[in-house]
Amino acid sequence: MARALINVPAKARKGEIVEIKTMLQHPMETGFRPGPDGRLYPRDIVKRFVCTYDGETVFSADLFPAISANPFLSFTTRATASGVLTFSWTDDKDQTQVQTARIEVE
Amino acid sequence: MTRARPMHALSALARAALLCAPLLCASGAAAQIAPQARKSGAAFMSPQTQAMQADDSSNPGMLAALEGESLWGQKAGAANLACADCHQNAETSMKGAAARHPRFDEGAGKPVDLQGQVNSCRQTRQQAQPFPYESRELLALVAYVGLQSRGLPVAPPDDPRLAPFVENGRALFHRRIGQLNFACAQCHDENWGRRLGSALIPQGHANAYPIYRLEWQDMGSLQRRLRNCMNGVRAEPYSLGSLEFIELELYLAERAKGMPVETPGVRP
């Protein structure tokens, strides 16, 4: 399992707009790069990222080969209620990594 | 007419000497960067890249440090020992360790850098296979140990046994190499702040290694970076872990003495 860095404010006021930052450890191999033997390294990228807030999707993205290794995504959402943010990354091998973070809303 | 020729040749020589004089002075004056004029490589980066390094949730080097943290506690080798079994908590035991490397290794009778030290622990204490240079595991452990020195000044040990190696490192730094016939000092002492192609030439201080280099899309050690420069001047690079590299690392540590450690750094 790859490592991920997730930055969610631990506490927020109700209605406040909070910034969420995520980074997943991933090579994002484009499929266009030749190895020492001249053959191309097979493509291996994160295709899809979804963030849900108490089950509701608040942000999602499709990723493409031009995106750097260890893709960093930052976005904002409105803090509505205390709950769990779920982050999931799906790669070319259709493996999904899921991570969660809790936010307390006062 | 025939007698005039030597005169003419002499005056040409004198003119050439006059032209050369200011050039020699300029290179003499810029030969070494004054301690207060030193700037970290981070100062030459775009504000975006600086911000990337400054924020731990956007610095990709922190992913390597996280991996190193888990390796620190992982048992390995025939001795079934983890780094943590001898050194306990890295946050206290490894504080400043990276800033003091390379250091003199009594057993080997020569200097050893942090990567060499990790591998020597692995072989003698854990009785495990050493990690290959530039392997993920080695870079991760070195990044994690390096992180414990972040903010502390680079502090090369004041050890007389190191002196000849530092001197060799200094000589290597000033030796012209490769088909382009360049020495490290010509770019990093004499022409820093100017451009080489589109890239700004930094002063070449090694205070942020291992780094996450955007061009590599990956972590890399100082030795990988030095090999890059050597390839750039079309010289044959020294092999990873060679004494020449350790000597260069020693001289660079001496050169960056007192500058704060930035590990894990981000560089363009």
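**Chain A, chain B and their contact**

Q: Which residue of chain A forms a salt bridge with B:Asp55, and how far apart are the closest N and O atoms?
A: This is a predicted model, in which local features need pLDDT of at least 70 and side-chain atom pairs count only at pLDDT 80 or more, while totals for chains, interfaces and linings use all residues. Residues are numbered from 1 along each chain as its sequence is written, chains are lettered from A and ligands numbered from 1 in the order in which they are written, and side-chain values use heavy atoms, without hydrogens and water. A salt bridge requires a side-chain nitrogen of Lys or Arg within 4 Å of a carboxyl oxygen of Asp or Glu. The partner of B:Asp55 is A:Lys21, with the closest N and O atoms separated by 2.6 Å.

Q: Which strands of chain A each supply at least two residues of the side that touches chain B?
A: Strands (E, at least two residues) are DSSP runs numbered from the N terminus, as are helices (H or I, at least four). On the side of chain A that touches chain B, at least two residues come from each of β1 (4–7) and β3 (17–24).

Q: How do the residues on that side of chain A divide by type?
A: Ala, Val, Leu, Ile, Met, Phe, Trp, Tyr, Cys and Pro count as nonpolar, Asp, Glu, Lys and Arg as charged, and the others, Gly among them, as polar. By this scheme the residues on the side of chain A that touches chain B are 6 nonpolar, 4 polar and 2 charged.

Q: Which three residues supply 49% of the area that chain A buries against chain B?
A: Buried area is the accessible area (1.4 Å probe) that two parts lose on being put together, summed over both. Between chain A and chain B the area is about 1100 Å², with 58% given by carbon and sulfur atoms. More than any other three residues, the suppliers of that 49% are A:Arg3, A:Leu5 and A:Gln25.

Q: Which strands stand at the edges of the open sheet in chain A, and why is one side of each left without a neighbour?
A: The open sheet has 5 strands in the order β2-β8-β7-β4-β5, with mixed pairing; two strands pair if DSSP finds at least two bridges between them. Each edge strand has a single partner, so one side has no neighbour in the sheet. The edge strands are β2 (11–12) and β5 (56–62).

Q: Is B:Thr263 buried or exposed?
A: B:Thr263 is found in the loop between α11 (243–255) and β7 (265–267) of chain B. The side chain of B:Thr263 reaches the backbone oxygen of B:Tyr209 at 2.9 Å. Under 20% relative accessible area counts as buried, over 50% as exposed, and in between as partly exposed (1.4 Å probe, protein chains only). At 2% relative accessibility, B:Thr263 is buried.

Q: Which residues is B:Gln179 in contact with, leaving aside its neighbours within four places in sequence?
A: B:Gln179 lies in the loop between α8 (163–174) and α9 (184–188) of chain B and is exposed, at 63% relative accessible area. B:Arg234 is 55 residues from B:Gln179 in sequence, yet their C-alpha atoms are 5.3 Å apart. With contact meaning heavy atoms within 4.5 Å, the partners of B:Gln179 are B:Val233 and B:Arg234.

Definitions and conventions. Polar contact = N/O pair within 3.5 Å; in protein donor to acceptor, adjacent residues only side chain to side chain.
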